Amino acid sequence: MDESNRASYLDDPPNSRLFLVTSKSITEETIREHFTDFGEIQDIRVVRDKQTKESKGVSFVKFAKSSQACTAMEEMHGRSLAEGTKPIKVFIAQSRASGSHRDVEDEELTRIFVMIPRSFTEEDLKDTFKVYGDVEYAIIIRNKTTGESKGLGYVRFHKPSQAAKAIENCDKTFRAILAEPRSKNASADSEYVSNLRSEHSANDPGSNSYTSALESSSYTTGDTWTSDVITRCLLVSSRAAVTQEHIYGLFDLIPGMDFCEMQRDQYSFSKGLVRYNNLGSAVYAKEKLNGFEYPPGNRLSVSYIDDGEDRTSPMGKMAMQLVAAQMMSVVWNGPSGAQLMNTSAGYTAPSVAQKARVQTDVALPPLKKLVASDSVLKERLFVIFNPSPLPVDVLEDVFCRFGSLMEVYLVPGRNVGYIKYADRKPAHEAIALLHGKVINGIKMKVMLADPPKEESHKRQRTY
């Protein structure tokens, strides 16, 4: 098999190949023994030094199905394959055709893009796909003028294996594909949308979607899409890379959001559209989140965008002015005076509560005191942050809750850090509870770090 045919074979189906970081002593036979239970293994390659033929501690495992590879990744990451060896790291390998050496992030594997009946509601979409696993959210793309479904949607699962099973097993009429991350300039789902638009534009008189507006907008002050008129639709801009999931989670804290779409422009800036189902929520979101630091050190820009609604009637203007005035009063009076209130225009303003320092859906244990920093180090965790590191005080707040926390260290200039514990049990409990979870909008991968040299030697002498 020549190189080009082999590359095609290894990428078919997409995301069916694993990248393993192991101890150099791990053999192909050991890998096969531990991974064969997850499905049909088509190929295993242990990368070796060209001169010495010694393993480099890196291997690739090719499965017949993407769901098999994803399940293996979820189950085997952080496990030891042989006594006395370090825990392995398991990732989905990047496509050979992409030319990139970056491993695929978990969050790129959990969101699928589907074609659906226009009669579908978000609940119908969620119910249809929940048979494949836990659904985090389901979003239907709607026409900006009529609010009608465009027959397209996104479904986000909690695990990559669940999304893969949905793509493999759902009815073919859904045309399910993995939604490409918005950081890619020419994403597959954008091409998919274009194809579907051309198929259905004749039946959709309002085919200019929010995505069209998004593609036309820019960050310049002369942006023709931004509006001085208060509307239900907001343009969100960020110089730092932020994902759609992060923006969705941030703006969804304010009730009434019914649309969120983020993309990256040619300058790698993030921009997107957020639409609320009422004017009051949009006003509140704009005033509270414009200039908000997210991620830390990066300020979001939030402005109104023309949503095409007619506000020329005297009643329309009066309603808009009344809602805006009442919402601005809530904003400027601060959290202490915030109350749910009904306006004469029929809108409900969201309540405001002082946010805790740690925002997460994870049920965290109660706080515990840190131990002395000069205590004997028993276990060290390695943490990867996406899109940026959490502050040290927040990390201490989170990781101290398992007990025996000595120190939190962030590697300067990188999205990684180390957590040091004086006992192994709390460190392992932290991994079990926090790996893959989101804290303050930041996703964390938590795993065992290579032990310090002194500790490593001690462990080796015990075997």
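Predicted model: local features only at pLDDT ≥ 70, side-chain atom pairs only at ≥ 80, totals over all residues.

Visitor: Which residues of helix α12 are buried?

Guide: Helix α12 covers residues 424-434, and its buried residues are Pro426, Ala427, Ala430, Ile431 and Leu434. Viewed down the axis of α12, these buried residues fall within an arc of 145°, so they line one face of the helix.

Visitor: Why do residues three or four places apart in an α-helix point the same way?

Guide: An α-helix has 3.6 residues a turn, so residues at that spacing point the same way.

Visitor: Which exposed residues sit on the face of α12 turned away from its buried side?

Guide: Lys425 and Ala432.

Visitor: What follows α12?

Guide: Glycine 436, with a positive phi, near 80°.

Visitor: Now the cores. How many residues has the largest nonpolar core?

Guide: It has 26 residues. Leu234, Ile247, Phe251, Met257, Val274 and Tyr276 have the most contacts inside it. Elements giving two or more residues to this core include β9 (233-238), α8 (244-251), β10 (257-264) and β11 (270-276). The largest share, 6 residues, comes from α9.

Visitor: What is leucine 234 in contact with, leaving aside its neighbours within four places in sequence?

Guide: Among its contacts are Phe251, Val274, Tyr276, Ala282, Ala285 and Val302.

Visitor: Which residues does the second, separate core include?

Guide: That core has 25 residues, including Val383, Leu390, Phe402 and Ile439.

Technical notes
Residues numbered from 1 in each chain as written. Heavy atoms only, no water. Buried < 20%, exposed > 50% of the residue type's maximum accessible area, 1.4 Å probe, protein only. Helix = DSSP H or I, 4+ residues; strand = E, 2+ residues; numbered from the N terminus. Arc of directions from axis to C-beta. Core = buried A, V, L, I, M, F, W, Y, C linked by side-chain atoms within 4.5 Å. Contact = heavy atoms within 4.5 Å.
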